[in-house]
Amino acid sequence: MEDGVKKFLYVNRKAPYGTIYALEALEVVLIGAAFDQDVSLAFLDDGVFQLTKAQDTKEIGVKNFSPTFRALGDYEVTKLYVEKESLDERGLTADDLQEITYEDEDDDWAEKPSIIIVSRSEMADVMAGQDVILSF
Amino acid sequence: MSYEVDGQEIATDEEGYITDLSDWTPELAEVIAKAEGVEMTDEHWAVVNFLRDYYEEYQIAPAVRVLIKSIKKSMGPEVGNNKYMYELFPYGPAKQACKIAGLPKPTGCV
């Protein structure tokens with residue numbers, strides 16, 4: 001690993017709207033991306049709802065910020081871990097999530113998926129491998 | 001502060017970013033640019049239009065290094081480099097171009 005580069009994991013556990021946590025977490029990720037660290041995001045519990053497709057916030061009068069997740073690849077944030085059990089418990093599948101991709105600079109800008117579905121025990125391994133975990 | 005276009009007053013925040021994004025028109029962009037001391041050329045417009053498209057798609061104004069990287073990819077390295085972008089927008093390509101494009105200040109900008 002390069003000198004000074006730490007592995008950061010941002011853990012998202014809350015639904016996208018109703019509290020400010022989800023939006024604030026995303027803003028912190030975008031700002032933090034300027035520091036050239038190894039950044040991943042984790043989505044579990046109600047946090048998996050943040051990535052669902054076709055969100056429509058008109059009736060609740062707040063901005064639908066879900067398209068912003070698709071910009072993360074530009075910020076070199078390319079690993080979005082989603083816990084399978086959390087999806088299952090909410091009647092969701094990977095097909096209910098929006099497609100999020102990044103262009104791999106080291107592979108002739110090939111488009112690759114950013115979302116990685118992991119089991120609860122794999123998520124524990126992801127967390128164990130981090131230097132810094134920030135929970136929202 | 002505010003801008004005036006065709007006798008209509010357009011409200012802004014204290015730094016001159018318009019508060020209602022739907023107020024934006026190309027005419028307003030020219031007025032803001034003038035207030036910023038920027039004379040709009042085709043290159044300026046290319047950056048402003050790029051920012052507006054980016055915001056439309058992702059609902060954020062990109063950070064300056066993301067902007068320059070993307071411009072480099074779409075318009076080539078003679079435009080997409082720090083020096084040229086700062087010549088176009090001396091007060092910061094993201095900050096100043098976003099203002100002219102009628103977008104909020106980029107996330108993380110102070």
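In chain A, 29% of the 136 residues count as buried, a residue being buried if 20 or more other C-beta atoms lie within 10 Å of its own, exposed if 12 or fewer, and partly exposed in between, with C-beta atoms placed from the backbone. This is a predicted model, in which local features need pLDDT of at least 70 and side-chain atom pairs count only at pLDDT 80 or more, while totals for chains, interfaces and linings use all residues. Residues are numbered from 1 along each chain as its sequence is written, and chains are lettered from A and ligands numbered from 1 in the order in which they are written.

Chain A holds three helices and seven strands, where helices (H or I, at least four residues) and strands (E, at least two) are DSSP runs numbered from the N terminus. Read from the N terminus on, the elements of chain A follow the order β-α-β-β-α-β-β-β-α-β. Its C-alpha atoms fill a box of roughly 45 × 30 × 30 Å along the principal axes. Among the contacts in chain A with a separation of 6 or more, 77% are accounted for by residues 24 or more positions apart, two residues being in contact if their C-beta atoms, placed from the backbone, lie within 7 Å.

A:Leu26 is found in helix H1 (residues 21-32) of chain A, and A:Leu26 counts as buried because it has 24 C-beta neighbours inside 10 Å. Leaving aside neighbours within four places in sequence, A:Leu26 is in contact with A:Phe65 and A:Thr68. A:Glu103, by contrast, lies in strand E4 (residues 101-104) of chain A and is partly exposed, with 14 other C-beta atoms within 10 Å. Not counting residues up to four places away in sequence, A:Glu103 touches A:Gly73, A:Trp109 and A:Glu111.

Chain B has five helices and two strands, and from the N terminus on its elements run β-β-α-α-α-α-α. The radius of gyration of chain B is 13 Å, close to the 13 Å that the globule rule gives for 110 residues, so chain B is as compact as a globular protein of that length. The C-alpha trace of chain B spans about 40 × 25 × 25 Å along its principal axes, and 29% of its 110 residues count as buried. Chain B is divided into domain 1 (2-35) and domain 2 (42-100), with bounds that come from an automatic or database domain assignment. The centres of these two domains, taken over C-alpha atoms, are separated by 19 Å.

Helix H3 (64-75) of chain B can be followed from its interior-facing residues to its end. H3(B) has 12 residues and reaches 16 Å from its first C-alpha to its last, close to the 16 Å expected at 1.5 Å a residue, where the expected span is 1.5 Å times one less than the number of residues. The buried residues of H3(B) are B:Val64, B:Val66, B:Leu67, B:Ile68 and B:Ile71, and these pack against H2, helix H4 (82-88) and helix H5 (93-100) of chain B. After H3(B) comes B:Gly76, whose phi is positive, near 95°.The two chains also meet, and the contact takes 12 residues from chain A and 10 residues from chain B. On the chain B side, helix H2 (42-58) and helix H3 (64-75) each supply at least two residues. That side of chain B divides into five nonpolar, four polar and one charged residue, where Ala, Val, Leu, Ile, Met, Phe, Trp, Tyr, Cys and Pro count as nonpolar, Asp, Glu, Lys and Arg as charged, and the others, Gly among them, as polar.

The largest nonpolar core has 54 residues, and those with the most contacts inside it are A:Val29, A:Phe43, B:Leu51 and B:Ala97; such a core is a set of buried Ala, Val, Leu, Ile, Met, Phe, Trp, Tyr and Cys residues joined through C-beta atoms within 7 Å. Elements that each supply at least two residues of this core include H1 and strand E2 (38-43) of chain A, together with H2, H3 and H5 of chain B. From chain B, this core draws at least three residues from each of domain 1 and domain 2. Not counting residues up to four places away in sequence, A:Phe43 touches A:Asn12, A:Val48, A:Gln50, A:Leu51, A:Leu80, A:Tyr81, A:Val82 and A:Glu83.

Terms used. The radius of gyration is taken over C-alpha atoms; the globule rule is 2.2 Å times the number of residues to the power 0.38.
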